[in-house]
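Hi everyone, thanks for making time for this. I'd like to walk you through one structure, so please have a look at the screen.

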Amino acid sequence: MLTPSHLVINVTDLEAERVFYGEVSGAKEGRRTRTWVDFDFFGHQLSFHLGLVMKTENTGYIGEHLVPMPHFGMVFASH
């Protein structure tokens with residue numbers, strides 16, 4: 001059984017998030033105001049709010065690749 005989670009991320013451009021998560025990833029848009037938007041993200045709630053973006057630094061290694069931490073990603077099935 002899925003136990004839904006709720007993740008909120010600050011962003012500077014809500015429209016860019018709406019395009020990427022709604023159109024590119026296919027997540028269903030839920031509620032929205034002029035300062036935030038949320039999506040049904042594979043049964044989980046993913047929300048974006050206008051605000052200061054969290055600082056990231058390239059401190060994490062995935063194999064030989066240095067990646068920003070913290071980060072959020074998704075895995076899509078290949079065709």
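Let me start with a question: not counting residues up to four places away in sequence, which residues does Tyr21 touch?

First, a word of caution: what you see is a predicted model. The protein chain has 79 residues, and buried residues make up 22% of them. Its secondary structure comes to one helix and six strands. Reading from the N terminus, the order of the elements is β-α-β-β-β-β-β. Taken along the principal axes, the C-alpha atoms fill a box of roughly 40 × 35 × 25 Å. Now take the contacts between residues at least 6 apart in sequence: 43% of these join residues at least 24 apart.

Back to Tyr21. You will find Tyr21 in helix H1. Leaving aside residues up to four places away in sequence, Tyr21 touches Gly26, Ala27, Phe39, Phe41, Leu46, Phe48, Phe72 and Met74. So is Tyr21 buried or exposed? With a relative accessible area of 8%, Tyr21 is buried, because the cut-off for that is under 20%. For a sense of distance, look across to Met54, 33 residues away along the chain: the C-alpha atoms of Tyr21 and Met54 are separated by 19 Å.

Now for the rings. How many aromatic pairs are there? The count comes to six. One of them is Phe39 with Phe48, an edge-to-face pair with 6.2 Å from centre to centre and 70° between the planes. Phe39 counts as buried, at 2% relative accessibility. Phe48 is buried as well, with a relative accessible area of 2%.

Then there is the pair of Phe41 and Phe42. Why is that pair called edge-to-face? The ring centres are 4.9 Å apart and the planes sit at 70°, so the pair is edge-to-face, the cut-off being over 60 degrees. Phe42 lies in the loop between S3 and S4, and has a positive phi of about 55° although it is not a glycine. Taken together, ring pairs link Phe20, Tyr21, Phe39, Phe41, Phe42 and Phe48 into a cluster.

Let's move on to the empty space. Rolling a probe the size of a water molecule over the atoms shows where such space is left. The largest pocket has a volume of about 390 Å³. How many residues line this pocket? There are 16, and those nearest the centre of the pocket are Ile9, Met54, Pro70, His71 and Phe72. The elements giving two or more residues to the lining are strand S1 (6–11) and helix H1 (14–24). The largest share, five residues, comes from S1. By residue type, the lining divides into 11 nonpolar, four polar and one charged.

Where does Pro70 sit in the chain? Its place is in the segment after strand S6 (65–69). The peptide bond joining Met69 and Pro70 is cis, with omega at about -10°.

My last stop is Leu66, which is found in strand S6. Leu66 is partly exposed, with a relative accessible area of 41%. Leaving aside its neighbours within four places in sequence, Leu66 is in contact with Asn58, Thr59, Gly60 and Tyr61. Met54 is 12 residues from Leu66 along the chain, and their C-alpha atoms are separated by 18 Å.

That's my tour, and I'm happy to go back to any part of it.

Definitions and conventions. Residues numbered from 1 in each chain as written. Predicted model: local features only at pLDDT ≥ 70, side-chain atom pairs only at ≥ 80, totals over all residues. Heavy atoms only, no water. 1 Å grid on protein atoms, 1.4 Å probe; cavity = no way out; pocket = protein on both sides within 12 Å on 5 of 7 lines; lining within 4 Å. Points joined across faces, edges and corners; volume = space filled by probe spheres on them. Helix = DSSP H or I, 4+ residues; strand = E, 2+ residues; numbered from the N terminus. Nonpolar A, V, L, I, M, F, W, Y, C, P; charged D, E, K, R; others polar. Phe/Tyr/Trp six-rings, centres within 6.5 Å; stacked < 30°, edge-to-face > 60°. Buried < 20%, exposed > 50% of the residue type's maximum accessible area, 1.4 Å probe, protein only. Contact = heavy atoms within 4.5 Å.
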